[in-house]
Amino acid sequence: LYSKDIKKSSKELFHLKAIDLPIIENKLEFEDSSDNILLNSQPQSYIRICKPCPSNGQVIAALTNNGNIIIYCNQEPILNLDQNERSLQERLYHSFTWNSEGTCLAVGNEANEVVIFSIDTIAKSYTSKTIKLENTEGWITKISWNDYSLVASSSNNTVYHIDNINQENVQPAIILPPSRFKIIDVLAMEKYILISSCGKLYKLE
């Protein structure tokens, strides 16, 4: 953790404390890597991204370098999210975000899907719902979710908008077509969607 007092400089940045988040076993360690040569090329797991739960600061979700999403409670791993009956591409995760209530995670895989995991940290269990964005190949690399909608971008720089996630038949819509310009970030807001790419900033209503 770091604390900073912004005064047009990062010189005030200083270290507060370190939080030790132990890594549990890689769920894909013994999977066949013939379809994905990077799968076991880095056998040592480490955390790439972590995000605290909006409603409970003791709960943290973390994405590892080998595509695992681990849920921690009080710095102890309690869940490794998975859909173990599915294919390798559908189980490798590259992006995630919490909903505003801190009860669900939206997770992006390598099959152009967003998986909604409903998490119960007390029972240490979860359920999942899969949303197929489009019948094309692609990694979901960015996700933003608020009280109104969910926005996701894929590795071919297509941006999707997903509304009414709780409905049985969700119909994602393409709001930015594929492009050679890399999507840097997406942000879902109450009235607008902000999308940044190389040299451009989109504001969509």
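Guide: When I say that two residues touch, I mean that they have heavy atoms within 4.5 Å. One more thing before we start: this is a predicted model.

Visitor: Okay, which residues does Ile-71 touch, leaving out those up to four places away in sequence?

Guide: Quite a list! With those sequence neighbours left out, Ile-71 touches Val-59, Ile-60, Ala-61, Glu-76, Pro-77, Ile-78, Leu-79, Leu-81, Leu-105 and Ile-119. Ile-71 also belongs to the largest nonpolar core, which has 17 residues. Ile-69, Ile-71, Leu-81, Leu-105 and Ile-119 are the members that touch the most others there.

Visitor: Which elements give two or more residues to this core?

Guide: Strand 4 (59-64), strand 5 (69-73), strand 6 (76-81), strand 7 (93-98), strand 8 (104-109) and strand 9 do. Another core, of 15 residues, lies apart from it, and Ile-131, Ile-143, Ala-152 and Ile-162 are among its members.

Visitor: Let's take strand 4. How does strand 3 run relative to strand 4, parallel or antiparallel?

Guide: Strand 3 (residues 47-52) and strand 4 run antiparallel, joined by five bridges. Together they form a hairpin, with six residues between the two strands. To find your place in the pair, look for Ile-49, which stands opposite Leu-63 in strand 4.

Visitor: Now the loops. Is Asp-82 buried or exposed?

Guide: For that you need a cut-off: buried means under 20% relative accessible area, and exposed means over 50%. Asp-82 has a relative accessible area of 13%, so this residue is buried. Asp-82 sits in the loop between strand 6 and helix 1 (88-91). Beyond its sequence neighbours up to four places away, Asp-82 touches Lys-27, Arg-91, Tyr-93, Phe-117 and Tyr-126.

Visitor: And why does Asn-135 count as exposed?

Guide: Asn-135 counts as exposed because its relative accessible area is 75%. You'll find Asn-135 in the loop between strand 10 and strand 11 (140-145).

Visitor: Which strand gives the most to the lining?

Guide: Strand 10, with three residues. By class, the lining has seven nonpolar, nine polar and four charged residues.

Key: Residues are numbered from 1 along each chain as its sequence is written. This is a predicted model: local features need pLDDT of at least 70, side-chain atom pairs count only at pLDDT 80 or more; totals for chains, interfaces and linings use all residues. Side-chain values use heavy atoms; hydrogens and water are left out. Helices (H or I, at least four residues) and strands (E, at least two) are DSSP runs, numbered from the N terminus. Ala, Val, Leu, Ile, Met, Phe, Trp, Tyr, Cys and Pro count as nonpolar, Asp, Glu, Lys and Arg as charged, and the others, Gly among them, as polar. A nonpolar core is a set of buried Ala, Val, Leu, Ile, Met, Phe, Trp, Tyr and Cys residues joined through side-chain atoms within 4.5 Å. Buried means under 20% relative accessible area, exposed over 50%, partly exposed in between (1.4 Å probe, protein chains only). Two strands pair if DSSP finds at least two bridges between them.
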